[in-house]
Amino acid sequence: MEKYGYRFSAGPWNISTGADPFGPPVRPEIPLAEKFVILKQLGFDAVQFHDDDAVPDLDALSADQIRRTARETRQKLADHGLDAEFVAPRLWENPLTVDGAFTANAPEVRAYALERTRKAIDIAREMGTSLMVIWLAREGTYIREAKDAVVATERLVQALNALLEYDPELRIAIEPKPNEPMDLSYIPTIGHAIALGMRTHAPARMGALVESAHALLAGLDPSDEMAFALSFDKLWSVHLNDQNSLKFDQDRAFGTVNLRAAFNQARVLDRHDFYDRGMIGVDVKALRTQAPEVATKHLRNSLELFLRLVELVRSLDQAKVDALIAARDYEELDLLILNHLIGCP
Ligand code: XUL
Ligand code: MN
């Protein structure tokens, strides 16, 4: 498969049992090493990890045990010809972080969040990556009066400063999301993520990850969110996927809901050399209705569709586009794009 210089990554959570808030698993759990085999076969180059994907149960382990297990996971990964793209601290499952991690009102919870994230940094180092992605899952509120949003923002800056100090090589990409699990999150968009990074003492080591579905949940266009980050040279990774209107975070396979929006994401990435800047990460969920033996096709489809869209981006008649822009004939441009997408000459 021609990959046009792109490298692809996915998380082990993207091969899942199909459990949802309303029902139990409907497919067997697949061991991590088998997931590596599947991802490699599907054409992926790297794996994204939560800290406990790489080192299960890390809260119960010593620093030495954590490092040793991380090294073992890295070896398994290398055995399958894969790299680690990033490590992300899972700060939302421990009962301690029920009301936030870095922005919790309770100081002991904030201390736990920092300690846990430092462990995740140790894991990243052992896994051979300097990139950490932070999704601020529970940093927000259900009840606005429950926290002071100014204080919460200060606490996020302080926490990021402490992490950047802990490892001078570390780069942090914030993955914004406007809601879920919280009703309202403190860092809902890419603009918030980039602004937050600029408040730290090492803004050059702060970047962002745009997830298509998260942008859509914020009522925004994912390609414009990517463009904004690209213009600041802050788009360090992406989570391509799709979302059918404003509801729970669906993580649908890339391009399956809105082909034109997917085309525009591929277009902004390709026109701005993303193949040289970062990896094409996907964050996609197999439908719960998918039978176990075919429950990786959402990954295959996302990767293939991205590459097909890159071909369409490159074969678009740019001279025609420019002429229509010059004539301000945007209705004709509309039809040109639609015809291009459906393969009509
Ligand atoms: C949550 C989400 C996470 C992050 C990684 O919606 O997208 O999977 O991508 O922590
Ligand atoms: Mn994501």
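Student: Is Phe-8 buried or exposed?

Tutor: Buried means under 20% relative accessible area, exposed over 50%, and partly exposed in between (1.4 Å probe, protein chains only). Phe-8 has a relative accessible area of 0% and is therefore buried. Phe-306, at 1%, also counts as buried. This is a predicted model, in which local features need pLDDT of at least 70 and side-chain atom pairs count only at pLDDT 80 or more, while totals for chains, interfaces and linings use all residues. Residues are numbered from 1 along each chain as written, and side-chain values use heavy atoms, with hydrogens and water left out.

Student: How many aromatic pairs are there?

Tutor: Rings of Phe, Tyr and Trp (its six-membered ring) pair if their centres lie within 6.5 Å; planes under 30 degrees apart count as stacked, over 60 as edge-to-face and the rest as tilted. By this rule there are 7 aromatic pairs. One of them joins Phe-8 and Phe-306 edge-to-face, at 5.8 Å centre to centre and 75 degrees between the planes. Because Phe-8 lies in strand S1 (residues 8-10) and Phe-306 in helix H11 (residues 297-315), the pair ties together parts that are 298 residues apart in sequence. Helices (H or I, at least four residues) and strands (E, at least two) are DSSP runs, numbered from the N terminus. Phe-8 and Phe-306 also belong to one aromatic cluster with Tyr-6, Phe-254 and Tyr-275.

Student: Which residues have a charged group over a ring?

Tutor: The criterion is that NZ of Lys or CZ of Arg is within 6 Å of the ring centre and within 35 degrees of the ring normal. The charged end of Arg-118 sits over the ring of Tyr-166, 5.9 Å from its centre. Arg-171 lies over the face of Trp-236, at 5.4 Å from the ring centre.

Student: What should I look for in the backbone?

Tutor: Most residues other than glycine have a negative phi, and most peptide bonds are trans. Asp-57 has a positive phi of about 65 degrees; this residue is in the loop between helix H2 (51-54) and helix H3 (63-79). Asp-251 likewise has a positive phi, near 50 degrees, and is found in the loop between strand S9 (235-240) and helix H9 (259-271). Asp-57 is exposed, with a relative accessible area of 61%, whereas Asp-251 is buried, at 8%.

Student: Where is there a cis peptide bond?

Tutor: A cis peptide bond joins Glu-180 and Pro-181, with omega about 10 degrees. Pro-181 is in the loop between strand S6 (171-175) and strand S7 (184-185).

Key. Chains are lettered from A and ligands numbered from 1 in the order in which they are written.
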